[in-house]
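Please have a look at the structure first, and then we can go through it together.

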Amino acid sequence: MKRIAIYPGSFDPVTNGHLDIIERGRHLFDEIIVAISDNPSKRPYFSLLERLRFLRQAVRRYPQVRLEAFSGLLTDYVKKKKAVAVIRGLRAISDFEYEFQMALMNRRQNTRFETAFLMPDEKYTYLSSSLVREVSRLGGHVRGLVPRDVEIALKNRALKFS
């Protein structure tokens with residue numbers, strides 16, 4: 001039986017920290033479904049199609065990584081995909097409390113999967129999509145923090161709104 005894991009998130013935008021977690025997860029699971037949250041009420045910076053395009057480019061070399069958009073309860077999606085785990089990245093202690101609560105709530109909804117917490121490389125422990133967006137919006141450099149096409153898109157977006 002294939003061991004499938006779901007890596008959910010908004011990926012708005014995808015960062016090298018996200019890609020590091022995907023790389024680590026590839027060694028633990030037969031297949032990873034990167035599940036991009038489609039929640040328009042969150043007012044994403046990039047459209048769902050843009051986020052899918054960025055991720056598709058970033059993971060193209062990994063045949064065992066699939067991309068899908070999803071909405072609704074994560075536990076329902078996990079069940080539908082017959083996944084054995086949900087992957088979550090932990091950057092700092094501040095992430096742990098929130099992620100721990102979510103993992104327990106997910107377990108309450110569906111006991112047939114586990115949450116696998118993975119830590120990114122030390123150089124990405126401070127990195128978040130919201131921080132990348134803010135730095136870029138204010139004219140800062142994000143080279144090395146995001147894939148090149150995301151860096152260009154962020155720069156173009158910042159210029160457009162300045």
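**T15 and its surroundings**

A polar atom of the T15 side chain lies 3.2 Å from the backbone nitrogen of G17. This is a predicted model, in which local features need pLDDT of at least 70, side-chain atom pairs count only at pLDDT 80 or more, and totals for chains, interfaces and linings use all residues. Residues are numbered from 1 along each chain as its sequence is written, and side-chain values use heavy atoms, with hydrogens and water left out.

- T15 sits in the loop between β1 and α1 (16–26); helices (H or I, at least four residues) and strands (E, at least two) are DSSP runs, numbered from the N terminus.
- T15 is buried, at 3% relative accessible area (buried means under 20%, exposed over 50%, partly exposed in between, with a 1.4 Å probe and protein chains only).
- Beyond its neighbours within four places in sequence, T15 has contacts (heavy atoms within 4.5 Å) with L127, S128, S129, V132, L145, V146 and P147.

**Helix α3**

- In α3 (residues 74–81), the buried residues are L74, T75, Y77, V78 and K81.
- These residues lie on the same side of α3 because they cover an arc of only 160 degrees around the axis, taken from the directions from the helix axis to the C-beta atoms.
- K79 and K80, on the other side of α3, are exposed.
- The buried residues of α3 pack against β1 (4–9), β2 (31–37), β3 (65–70), β4 (85–89) and α4 (93–109).

**Whole chain**

- The protein chain has six helices and five strands, in the order β-α-β-α-β-α-β-α-β-α-α.
- Of its 162 residues, 48% count as buried.

Methods. Polar contact = N/O pair within 3.5 Å; in protein donor to acceptor, adjacent residues only side chain to side chain.
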